[in-house]
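Let's take a walk through a structure together, one step at a time. Have the sequence and the 3D view ready.

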Number of protein chains: 2
Amino acid sequence: MQKTAVVKSNDPIAAQLAPVGRETVQDRVYLELRRALIGGLFEPSQVLTIRGLADALMTSTMPVREALGRLITEKALEALPNRSVRVPPITLERMDDLLRARILIEGEAIALAATRMASRQVSVIESMLSEWDEMRALKLKKDVDREVTLNQSFHFEIYRACGSAVLIPMIESLWLQSGPCIRVAIYAFSEAGEVDTAHFHRSIVAALSAQDATAAREALIADISRPFNFLRNKLQSEAASKGMS
Amino acid sequence: MQKTAVVKSNDPIAAQLAPVGRETVQDRVYLELRRALIGGLFEPSQVLTIRGLADALMTSTMPVREALGRLITEKALEALPNRSVRVPPITLERMDDLLRARILIEGEAIALAATRMASRQVSVIESMLSEWDEMRALKLKKDVDREVTLNQSFHFEIYRACGSAVLIPMIESLWLQSGPCIRVAIYAFSEAGEVDTAHFHRSIVAALSAQDATAAREALIADISRPFNFLRNKLQSEAASKGMS
DNA sequence: TCATTACAAGTGTGATCACAAATCAAAAAT
DNA sequence: ATTTTTGATTTGTGATCACACTTGTAATGA
């Protein structure tokens, strides 16, 4: 083994070196599309072409098509019979379906996390929350992208503590699928005078630090249900007014 | 639109024609690998090479690598840092993790199905079960592959009735991940004098026909827990005897 | 005899090309 | 004016190739 032979003469340096993870172009494309999807940068029903994305991402078609295939298998994208791919459209049934699954799985994850999380981990979350607050107080205009990103890291910081290598990828898949819906809801929120999301997060953290699994689950359910309920009301009222005209 | 123009002169024929679904080579490869994985044809920790699979499946490397990528994203396969791919090894932690997730999600699915399933659908399941029984009575030697396949169609016939387009793919992913474990357990079963799986299935059907969601969930949990518990005991005793020597 | 090096075979990744199917636009016919 | 047809462009799919990296083995050294 050549590398170890080279390294073993100066171990203390090697100890400080992190492995340089050679991520492939395909991985970068996949992660970028994921980010865009969760952040809601693509609109529901929007069709995506391989060559179009390849041009936008400054790469060839090969990594893009494989990334698209992966996203299709986790239902983040939809393969039309024409063999073109689009981000799935929003329907009321699908929204309710997604919300029920998220309540089920993320609720279980946070209940597990509540029992397993050390107090040090909770305080990390807490500090993340206050940092978030003061950043929000600083800039008056609200940055929707930033909000979405921070909300995501808040939740997944908790989910990681559940210690389940099976549940976490499923939750990621669920966020991927509900990303476009959520984005629409957030836009609607910021129009219609936003209620504070911070309140929900605070009660989640309180339940976690009390190691109260049931309270944590209920607080989480309230948190993730809110945009869905808001969007459902919006869609229903739109459908009703359209039915009237 | 040419096709509709051609068809509209003889509509009654068109009504009887099912769309001929042009499945791609990649899809066939993907489905074949899925089948092999769920059926446990690959052993845990076995490494798979693109060119090897391409030769075995009589196709080029292209469809294989895309299918492998898809299977990796749903955690049915594992990407090693060497960039080679293998079927994930079995560990006690992973088994417990998988079982908990399956109890959670498949339990929810069957509870939903119990409330939504029409009596006609239940009788379809019932007839499927008796057909299975008499087939098993016919041939003395037990066909493990057939058992696995029939067990799969029994369960998914039920899950389809839950009507959730979100839960079902997750369950498929879970079966994909636990396929190799289950196969090992089934082999261990057939060595160690099998208890009858039919009994569990009968109580599931009974609960479904009574529309008793709670009973259905509990019967299902008993059914899917059995191979896991068996395998856990086996692994633990093996580890103990290895620790002794 | 053992460790190290050098070479060869194997493997994954990305780019490019050929082909078939789909989409779109303009032209032609009714 | 509307519909149909025709042709050109775009798109996804599969195959092949070049390159970089890994792995395994034989040759060389101590």
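Before we look at any pair of side chains, here is a term to keep in hand: a salt bridge is a side-chain nitrogen of Lys or Arg within 4 Å of a carboxyl oxygen of Asp or Glu. Please also remember that this is a predicted model.

Now try the term out. The side chains of Glu66(A) and Arg65(B) form a salt bridge, with 3.1 Å from N to O. Across the interface of chain A and chain B, the rule finds two salt bridges. There are also nine residue pairs in polar contact between chain A and chain B, counting pairs with both residues at pLDDT 80 or more.

Which helices of chain A supply at least two residues each to the side that touches chain B? They are α5 (61-73), α6 (92-116) and α9 (167-191). The largest share comes from α6(A), which gives ten residues. By class, this side of chain A has 13 nonpolar, six polar and twelve charged residues.

Let's step back to the whole contact. Chain A brings 31 residues to it and chain B brings 32 residues. The size of an interface is often given as the accessible area lost when the parts come together. Here, the area buried between chain A and chain B is about 2,600 Å², and carbon and sulfur atoms give 59% of it. On the chain A side, Arg100(A), Leu104(A) and Val166(A) lose the most area to chain B, together 22% of what that side buries.

Next, turn to the DNA. Around DNA strand C there are 18 residues, and the closest are Val25(A), Ser60(A), Ile50(B), Arg51(B) and Arg65(B). Of the atoms of DNA strand C that come within 4 Å of the protein, 51% belong to sugar and phosphate.

For Asn82(A), the distance from a polar side-chain atom is 3.2 Å, and for Thr59(A), an N or O atom in the side chain is 3.4 Å away.

Finally, which helix gives the most to the surface near DNA strand C? That is α5(A), with three residues. Sorted by class, this surface has six nonpolar, seven polar and five charged residues.

Terms used:
Residues are numbered from 1 along each chain as its sequence is written. Chains are lettered from A and ligands numbered from 1 in the order in which they are written. This is a predicted model: local features need pLDDT of at least 70, side-chain atom pairs count only at pLDDT 80 or more; totals for chains, interfaces and linings use all residues. Side-chain values use heavy atoms; hydrogens and water are left out. Contact means heavy atoms within 4.5 Å. Buried area is the accessible area (1.4 Å probe) that two parts lose on being put together, summed over both. A polar contact is a pair of N or O atoms within 3.5 Å; within protein, one must be able to donate a hydrogen and the other to accept it, and residues adjacent in sequence count only if both atoms are side-chain atoms. Helices (H or I, at least four residues) and strands (E, at least two) are DSSP runs, numbered from the N terminus. Ala, Val, Leu, Ile, Met, Phe, Trp, Tyr, Cys and Pro count as nonpolar, Asp, Glu, Lys and Arg as charged, and the others, Gly among them, as polar. A residue is near a molecule or strand if one of its heavy atoms lies within 4 Å of it.
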